[in-house]
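Please read this briefing alongside the sequence and the 3D structure. It covers confidence, charged pairs and helix packing.

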Amino acid sequence: MTAPPKLRLRTNAKINLFLRIASLRTDGYHELESVFHGISLFDSLEVELTDEPGLDVAFDAGPNYGTVLPTTDENSLTQTFGVLRDMGLEVEGARAVVFKSIPVGSGLGGGSANAAGLILGLNEMMDWGMSRGDLHDIAERVGSDVPYFISGGTMLALSRGEELQRLPMLKGMTFVLGMSHRPLLTRDVYAAFDELKPEVAPNSAPLIHALGAGDVVEVASLLYNDLERAALVLRPELGAAKAAMVEAGALGSGVSGSGPTVFGIAADRSSAASIAARIEDAFDRVEVVETAEACVEIVEGTQPSGL
């Protein structure tokens, strides 16, 4: 196969419908149990092979993005390229251009989605022919949640987040995202969490059952995130933001990942538009999004076989 000179991809965000943090491991990571769910908020990623060694990275965003962009020397794409080269995978050079829509430090996994996009894109362009398992192994070297973005959909994530089990997907779910222009760093939220008194967390089984039953109302009532308490310590205003989401008509509301993004589950698209209009003043940016069945989609170039 002749490698296409350029690929354009959508790298979709995620929310956490459930997140329970367990014990601190000897390697410094926490054991966790989470339900990831892909959503249609996306970055646009363009990957092009070059004759220049290394990876050249550029970031851009529209006027409503509102927050910081990743730096060109420390970002998930540069880290991913280094992992690929350390593994002996042959790629002389590449250029990656990202048009950001997923905010940095938002709890939506934008950097990990970009990393997964680069892995999948180069696998296709370089004709490496890697299996899904191979791609997950590479992704795990980059970051704990990057393997999820290789697969996407709705997944139960265990261990550090890299052990994945596919769950029933409620297609057509509609969400309202309330975003902040001030990022929250994951390490800061985990540090705050470690200072909190432990609480008994629920099990993910009822939520997983509700997903299997296709019961959106029940799913919305079972949202849970252990890191929410820590995020509230750092950003107390998130409590009022969550309440505003529910008062505006959301079936349920939660903080995604380490925050500060607050999401609400809407009954339908019309309800989501109404909620978004009512909470506009409570957030720096509001978006209505839907379920995304994949977290990486090639929109121009060669579609990956078997993905």
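The points below are grouped by topic.

This is a predicted model, in which local features need pLDDT of at least 70, side-chain atom pairs count only at pLDDT 80 or more, and totals for chains, interfaces and linings use all residues. Residues are numbered from 1 along each chain as its sequence is written, and side-chain values use heavy atoms, with hydrogens and water left out.

**Confidence**

- The protein chain averages a pLDDT of 92, where pLDDT is the predictor's confidence in each residue, from 0 to 100.
- A pLDDT of at least 70 is reached by 94% of the residues.
- Residues 302–307 fall below 50.
- Beyond near neighbours in sequence, that stretch has 11 contacts in the model (contact: heavy atoms within 4.5 Å).
- Where pLDDT is low, the predicted coordinates should not be read in detail.

**Salt bridges**

- The whole structure holds 12 salt bridges (a side-chain nitrogen of Lys or Arg within 4 Å of a carboxyl oxygen of Asp or Glu).
- E33 pairs with R20 at 2.8 Å, N to O.
- E33 lies in strand β2 (residues 30–50) and R20 in strand β1 (residues 6–24), so this bridge ties together parts 13 residues apart in sequence.
- Strands (E, at least two residues) and helices (H or I, at least four) are DSSP runs, numbered from the N terminus.
- E33 is buried, at 7% relative accessible area, whereas R20 is partly exposed at 26%.
- Buried means under 20% relative accessible area, exposed over 50%, and partly exposed in between (1.4 Å probe, protein chains only).
- D43 bridges to K100, with the closest N and O atoms 2.7 Å apart.
- D43 sits in β2 and K100 in strand β4 (residues 93–100), so the link joins parts 57 residues apart in sequence.
- Both D43 and K100 are buried.
- D56 meets R95 at 2.3 Å, N to O, in another salt bridge.
- D56 belongs to strand β3 (residues 54–61) and R95 to β4, so the pair connects parts 39 residues apart in sequence.
- D56 is partly exposed at 39%, and R95 is partly exposed at 30%.

**Helix packing**

- Helix α1 (residues 76–86) packs against helix α3 (residues 132–142) at about 125°, with axes 9 Å apart.
- Axes are lines fitted to C-alpha atoms, for helices over the stretch in contact, and angles run from 0 to 180 degrees between N-to-C directions.
- From α1, S76, Q79, T80, V83 and L84 meet I138, R141 and V142 of α3.
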